[in-house]
Amino acid sequence: MATAKENAAIGLRALRKSFGEVHAVDGVELDVAEGEFFSLLGPSGSGKTTVLRLVAGFEKPSSGTIHLAGEDVTRRAPFERDVTTVFQDYALFPHMNVEQNVAYGLRVRGVPRREQAERARAALESVRLEGFGARRPGQLSGGQRQRVALARALVVRPRVLLLDEPLGALDLKLREQMQTELKELQREVGITFVLVTHDQEEALALSDRVAVLNAGRVEQVGTPRELYEHPASAFVASFVGTSNTLTGAAAELLVGKPGTYGVRPEKVRLLDADAEPDPDHDHSEVRGTVADAVYLGDCTRVVVDTDAGVRFVVVRQNAGAGAEAPAPPGARVLLRWHRRHNVPLHQES
């Protein structure tokens with residue numbers, strides 16, 4: 001069996017986990033580099049949380065191996081692995097104050113009391129909670145409790161920090177604020193972060209690389225830009241952002257050859273129906289009828305039923321104070337996009 005890369009913080013080889021007839025993780029192969037912010041992205045039931053639990057040691061694999069820093073830890077207990085996990089519900093002890101919560105892992109490890117206090121205070125300072133040590137978790141906001149959970153995980157100086165949807169319980173504005181702080185924190189401490197999330201915007205915003213999972217398998221691994229601009233499959237194209245899919249007769253007509261192709265909404269121009277055809281023939285174009293137009297503040301999402309039998313979504317930026325509203329429902333329009341934006345997609349089996 002192949003071993004993990006020597007310089008990888010995490011190496012997974014042919015990793016499988018079955019629950020009866022259900023294959024939650026089905027032959028996953030992954031390497032996560034030292035110091036990388038890596039995300040496992042996928043819908044509910046894709047296997048991403050199970051992969052995280054396997055790495056943490058909370059679940060035992062049905063087959064395959066798990067390497068941490070080059071060492072096979074497949075059969076080691078959770079406390080024998082140099083990883084720490086932060087959960088969505090924070091799991092703070094309500095009867096302990098903030099400093100005691102943060103120092104708990106050090107106390108379990110037998111660290112001297114004075115060093116516990118020093119390291120706990122330093123960890124709280126790293127998450128911008130200096131001066132909060134005497135408070136109880138119930139006296140903190142959701143964002144503050146999340147920072148305490150991060151401090152508690154970081155204080156033991158793990159080689160890898162595992163994050164199981166840690167921002168899922170926060171409201172949108174606080175979630176966006178914590179995303180920025182989480183990325184800054186990872187850069188400061190320099191350890192490997194592995195995030196599990198179903199939120200594609202969160203994964204793109206935070207990660208150096210992302211693995212997209214579907215039905216227990218890895219569909220694609222790449223940088224956020226690679227996943228968005230060059231999705232390997234129709235699943236990745238539709239899950240990471242929005243994509244217009246062309247196949248069959250529509251692909252033949254608009255791309256000029258058979259296959260399955262994805263076109264991102266922001267790549268498509270919305271023109272008047274009587275606009276002149278592309279004289280250089282380096283664009284795909286099709287006429288259609290506006291079915292809906294939704295104002296979203298910074299942009300308007302326009303849905304067009306094309307004459308090729310494919311429904312298109314087009315995103316039009318609302319640039320400037322005097323930006324004109326796009327064509328209303330029922331209006332005839334012309335859609336045009338450069339042929340290089342017809343991205344080939346693999347068909348799912």
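**Entry 1: the whole chain.** I noted at the outset that this is a predicted model. I looked up the secondary structure and found nine helices and 18 strands. I then took the extent of the C-alpha trace. Along the principal axes it spans about 80 × 55 × 35 Å.

Entry 2: I checked how much of the chain is buried. Of its 349 residues, 51% count as buried. Residues 24 or more positions apart make up 64% of them.

**Entry 3: surface and charge.** I computed an accessible surface of about 17000 Å² for the chain. Carbon and sulfur atoms hold 49% of that surface. I counted 43 positive and 47 negative charges. Their mean positions lie 7 Å apart.

**Entry 4: the largest pocket.** I asked how much space lies in the largest pocket. The value is about 630 Å³. I listed 24 lining residues, and those closest to the pocket centre are V83, T84, T85, R109 and V156. The largest share comes from β6, with four residues.

**Entry 5: the cavities.** The structure holds two cavities of 30 Å³ or more. The largest cavity has a volume of about 80 Å³. I wrote down its lining: I10, L12, L30, V32, F38, L40, V51, L52, V55, L162 and V194. The elements that give two or more residues here are β1 (8–19), β2 (22–33), β3 (37–41) and α1. I asked which element gives the largest share. It is α1, with three residues.

**Entry 6: T50.** I stayed with helix α1, which covers residues 48–56 and includes T50. Is T50 buried or exposed? I found a relative accessibility of 16% for T50. Buried means under 20%, so T50 counts as buried. I then looked for its contacts, leaving out residues up to four places away in sequence. T50 touches K17, F19, A24 and V25.

**Entry 7: recap.** I keep two items side by side. β6 leads the lining of the largest pocket with four residues. α1 leads the lining of the largest cavity with three, and T50 sits in that helix.

Terms used:
Residues numbered from 1 in each chain as written. Predicted model: local features only at pLDDT ≥ 70, side-chain atom pairs only at ≥ 80, totals over all residues. Heavy atoms only, no water. Buried < 20%, exposed > 50% of the residue type's maximum accessible area, 1.4 Å probe, protein only. Contact = heavy atoms within 4.5 Å. Areas by Shrake-Rupley, 256 points an atom, 1.4 Å probe, with all protein chains shown as cover. Lys, Arg positive; Asp, Glu negative; His and termini not counted. Charge placed at Lys NZ, Arg CZ, Asp CG, Glu CD. 1 Å grid on protein atoms, 1.4 Å probe; cavity = no way out; pocket = protein on both sides within 12 Å on 5 of 7 lines; lining within 4 Å. Points joined across faces, edges and corners; volume = space filled by probe spheres on them.
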